[in-house]
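Please look over the sequence and the structure before reading on.

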Amino acid sequence: LGVRVSHDAGGVSYIDAGIEAPGSVSAGLLIAEICMGGLGRVTLRPGGHEGWPTWLEVRSAQPVLACLGSQYAGWSLAASKEETGGKKFFALGSGPARALAGKEALYTELAYRDQSGQGVLVLEVDRMPPQVVVDKVLRDCGLAPGGLTFVLTPTTSLAGTTQVVARVLEAALHKAHELGFSLHHIVGGSAAAPLPAPSPDGIQAMGRTNDAILYGGRVQLTVRGDDDAARSLAARLPSANSGDHGRSFADIFAAAGCDFYKIDGALFAPAEVWVSNLDSGNTWHGGALDMALLRSLWLQQA
């Protein structure tokens with residue numbers, strides 16, 4: 001897998017999947033499943049679909065818990081220069097350890113909390129977390145050092161790019177939640193997105209992973225309940241509902257002064273969605289892929 005495992009003096013484990021270790025797409029697929037708490041499957045689909053050679057496929061029979069309860073990067077972990085003794089640190093934690101800590105208001109809505117002596121947290125970072133952050137995670141999760149594992153995946157790495165693109169289903173769940181659709185009515189989900197090569201430039205790497213979802217992400221959600229709510233979700237969920245749609249995410253990010261909070265929240269969604277209501281048997285479709293834009297951003301002619 002190209003990863004490197006180490007342990008600190010207290011027994012905390014660290015899996016380097018792209019900082020010093022080379023990592024791999026195969027490692028990224030496994031890390032994506034770790035991010036989903038083992039409640040989803042992520043596979044590679046080669047074959048040149050839609051004019052791009054490699055796609056990721058994601059599926060879960062428990063998408064709310066897998067994606068929002070585990071995969072969503074919702075745990076903010078920061079440390080100042082004074083706390084680290086050098087450079088400030090910031091990361092958003094994802095993975096099943098989030099449900100041990102339960103620090104986010106989302107867990108009240110999900111009515112869910114884990115109890116375990118083992119926890120895994122995935123960080124999209126290019127360096128090891130400082131001790132002050134490690135201590136916070138141990139304390140908030142109620143873990144002994146030997147029970148905690150950090151998985152470290154820079155977005156510029158093969159594993160990092162892979163595990164971020166594998167959040168295509170999670171992007172749909174998060175947008176559905178933001179739109180006020182009842183999470184209890186979402187009972188299944190599958191998705192696909194094209195896998196770009198990672199860029200050595202951090203901003204470009206982040207732009208490619210976001211673009212893969214915004215312009216190449218294709219999601220089907222299986223729901224129950226009211227047909228009008230399902231129809232509205234299919235219409236309102238795709239990324240084309242944002243006025244920023246149609247430009248590379250790296251350009252949008254730069255125009256926003258590198259401030260995520262200045263970007264229209266409607267943009268953070270897959271390109272195309274189907275919503276199937278099990279109670280009525282009806283399916284609605286909204287949005288469309290823009291593979292021409294992705295090829296213009298990613299592909300150089302030989």
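## Helices H9 and H12

H9 crosses H12 in a left-handed sense. The model in which this is seen is a predicted one. H9 covers residues 202-216, and its axis lies 9 Å from that of H12, at an angle of about 160°. An angle over 145 degrees counts as roughly antiparallel, and H9 and H12 are therefore roughly antiparallel to each other.

On the H9 side, the residues that meet H12 are Arg208, Asp211, Ala212, Tyr215 and Gly216. Their counterparts in H12 are Met291, Leu293, Leu294, Leu297 and Trp298. Sorted by class, the contact of H9 with H12 has 7 nonpolar residues, 1 polar residue and 2 charged residues.

## Leu294 in H12

Leu294 belongs to helix H12, which runs over residues 291-298.

When neighbours within four places in sequence are left aside, Leu294 is in contact with Pro194, Asp211, Ala212, Tyr215, Gly216 and Leu299. Asp211, Ala212, Tyr215 and Gly216 are also among the H9 residues that meet H12. Ala32 lies 262 residues from Leu294 along the chain, and the C-alpha atoms of the two residues are separated by 22 Å.

## Helices H1 and H7

Ala32 is one of the H1 residues that touch H7. H1 spans residues 25-35 and H7 spans residues 158-165; the two helices pack at an angle of about 40°, with their axes 7 Å apart. The crossing of H1 past H7 is right-handed.

H1 contributes Val25, Ala27, Gly28, Leu29, Ile31, Ala32 and Cys35 to this contact, while H7 contributes Leu158, Ala159, Thr162 and Gln163. By class, the contact of H1 with H7 has 8 nonpolar and 3 polar residues, and no charged residues.

## Helices H1 and H2

H1 also packs against H2, which covers residues 63-71. How are H1 and H2 oriented to each other? Their axes come within 8 Å and cross at roughly 95°. A value from 65 to 115 degrees counts as roughly perpendicular, and H1 and H2 are therefore roughly perpendicular to each other.

Ala32, Ile34 and Cys35 of H1 make the contact with Ala66, Ser70 and Gln71 of H2. The contact of H1 with H2 has 4 nonpolar residues, 2 polar residues and no charged residues.

## Loop residues

Glu50 is placed in the loop between strand E3 (41-46) and strand E4 (54-60). Its phi is near 55°, a positive value in a residue other than glycine. With a relative accessible area of 40%, Glu50 is partly exposed. Ala111 is likewise not a glycine and has a positive phi of about 55°. The loop that holds Ala111 lies between helix H5 (106-110) and strand E7 (119-123). Ala111 has a relative accessibility of 67%, so Ala111 counts as exposed.

Ser80 sits in the loop between strand E5 (75-79) and helix H3 (81-84). At 27% relative accessibility, Ser80 counts as partly exposed. Phe90 is 10 residues away from Ser80 along the chain, with 8.7 Å between their C-alpha atoms.

## The chain as a whole

The protein chain contains 12 helices and 12 strands. Its radius of gyration is 19 Å, close to the 19 Å that the globule rule gives for 302 residues, so the chain is as compact as a globular protein of that length. The C-alpha trace spans about 55 × 50 × 35 Å along its principal axes.

Among contacts with a separation of 6 or more, 71% are between residues 24 or more positions apart.

Technical notes. Residues numbered from 1 in each chain as written. Predicted model: local features only at pLDDT ≥ 70, side-chain atom pairs only at ≥ 80, totals over all residues. Heavy atoms only, no water. Axes fitted to C-alpha atoms, helices over the stretch in contact; angles between N-to-C directions. Helix = DSSP H or I, 4+ residues; strand = E, 2+ residues; numbered from the N terminus. Left-handed = near helix turned anticlockwise from the far one by under 90°. Contact = heavy atoms within 4.5 Å. Nonpolar A, V, L, I, M, F, W, Y, C, P; charged D, E, K, R; others polar. Rg over C-alpha atoms; globule rule 2.2 N^0.38 Å. Buried < 20%, exposed > 50% of the residue type's maximum accessible area, 1.4 Å probe, protein only. Parallel < 35°, antiparallel > 145°, perpendicular 65-115°, else oblique.
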